[in-house]
Amino acid sequence: MIHLIYLVPGVDNLSAEDVGQELEDALVKRLNDSDLVEANLQFSVFSLRILSREIRKNTSYTFPYISITIVLLVTFTVGSCMTADWLTSKPIEAFMGVISSGLAIIAAAGLMSYCGVPYISQVTVMPFLALAIGVDDAYVMLGAWQETDRDDPPEKRLSATLREAGSAITVTSFTDVLSFTIGVFSTTPSSSIFCKYVAAAILFDYAFQITFFAGIMVLGGRREQSGKHALYIWRSLEAKQLRKV
C-alpha cells in the first residue's frame, strides 16, 4: 500500500481549494485510465472536498429518519409516563416536554440565523442532541414532581420540584453549554458553527424547562387536584378511581 500526500498551495488568483479541486479531478480522470484499470491497480482519493461531499451525502441519507426518530421518542416518552393510575399519570406533560425541546431547537436555529451564523450539514445532528438533553431534563422534573406531597397546592409542589431537580438540570445544562462553548473557539469553522448551534439549543432548552415546562407541570397539578383524567382532561374520574398513591 502506497500513500501519496500532496499539499496544494494557491496559484495566482486561484485559492488552494480551487487548485485542489482541479488537481483532484485531473488525478481521478488519470487513475481511471484504461491502462491503469487493466493493470489491476486499486486506488482511492481523499480530500476536504470529498469529506464535505460525503458529509452532505450522509446528512441527506439520515434526514428522512428524523421524523421516525421523533415519533419513536414521543411514543416512548409518553408511554413511560403512563401508569395504571389515571390521576397521577403524566402522558400530556411528557409530550409537552418533547414540545419544549422542539421550541428550544427552533429558537436556537432562529437566533443563529439572526446572528448570521451559516447553516452547515453537520448542524443536522443538533436536534437529536437537544431532544435527548431536553427529554432527560423533563424526566428529572417529572420524577421530582411525583415525590412531592399530593395534598400540597400545585405552586408549592413546583417549588419543591425545582428545589430537588433544579440543581441537577442546571449543573448538567451549564456544563454542556460550557463544553460546547469551548468548541466555538475551534479553528475549524465547521466545528465552531456546530458548537454554536448546540450551545444555543441547550441554553434555550434550559430556559424553556424552568418556564414553559414548569408552567405545564403546574397545570397538571391543578388537573390532579380537580380529579380529572390524565389523558382525557375534560373527564372527571369516578370516586373509586381517585386513590392515594
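How many aromatic pairs does the structure hold? The count in this predicted model is 4 aromatic pairs. Two of them are described below, after the overall fold.

The protein is built from 8 helices and 0 strands. Read from the N terminus, the order of elements is α-α-α-α-α-α-α-α. Of the 245 residues, 33% count as buried. The accessible surface comes to about 15200 Å². Carbon and sulfur atoms own 65% of that surface. Among contacts with a separation of 6 or more, 71% join residues 24 or more positions apart.

The UniProt record, an unreviewed entry, lists residues 65-87, 94-120, 165-185 and 197-219 under "transmembrane region". Two of these spans were examined for secondary structure and end-to-end distance. Residues 65-87 are 70% helix and 0% strand. The end C-alpha atoms of this span are 35 Å apart. Residues 94-120 are 78% helix, again with 0% strand. Here the end C-alpha atoms lie 31 Å apart.

A pair of aromatic rings is described by the distance of the centres and the angle of the planes. For phenylalanine 174 and tyrosine 206, the ring centres are 5.2 Å apart and the planes meet at 75 degrees. Planes over 60 degrees apart count as edge-to-face, so this pair is edge-to-face. The pair links distant parts of the chain. Phenylalanine 174 belongs to helix 7 (residues 154-184), tyrosine 206 to helix 8 (residues 189-225), and 32 residues separate them. Phenylalanine 174 has 42% relative accessibility and counts as partly exposed. Tyrosine 206 has 16% and counts as buried, because buried means under 20% relative accessible area.

Tyrosine 232 and tryptophan 234 form another aromatic pair, also edge-to-face. Their centres are 5.6 Å apart, with 65 degrees between the planes. Tyrosine 232 is partly exposed at 34% relative accessibility. Tryptophan 234 is exposed, with a relative accessible area of 64%.

Both residues of this pair also contribute to a nonpolar surface patch. The patch covers about 550 Å² and is made by Met82, Ile92, Leu231, Tyr232, Ile233 and Trp234. Methionine 82 sits in the loop between helix 4 (65-80) and helix 5 (91-114). Its relative accessible area is 31%.

Methods. Residues are numbered from 1 along each chain as its sequence is written. This is a predicted model: local features need pLDDT of at least 70, side-chain atom pairs count only at pLDDT 80 or more; totals for chains, interfaces and linings use all residues. Side-chain values use heavy atoms; hydrogens and water are left out. Patches are made of residues with over 30% relative accessible area and no salt bridge: like charges are joined within 9 Å, nonpolar side chains (Val, Leu, Ile, Met, Phe, Trp, Tyr) within 5 Å. Accessible areas come from the Shrake-Rupley method with a 1.4 Å probe; for residues, only the protein chains shown count as cover. A salt bridge is a side-chain nitrogen of Lys or Arg within 4 Å of a carboxyl oxygen of Asp or Glu. Helices (H or I, at least four residues) and strands (E, at least two) are DSSP runs, numbered from the N terminus. Buried means under 20% relative accessible area, exposed over 50%, partly exposed in between (1.4 Å probe, protein chains only). Rings of Phe, Tyr and Trp (its six-membered ring) pair if their centres lie within 6.5 Å; planes under 30 degrees apart count as stacked, over 60 as edge-to-face and the rest as tilted. UniProt positions are given in the numbering used here, feature names are shortened, and annotations may be inferred rather than shown by experiment. Contact means heavy atoms within 4.5 Å.
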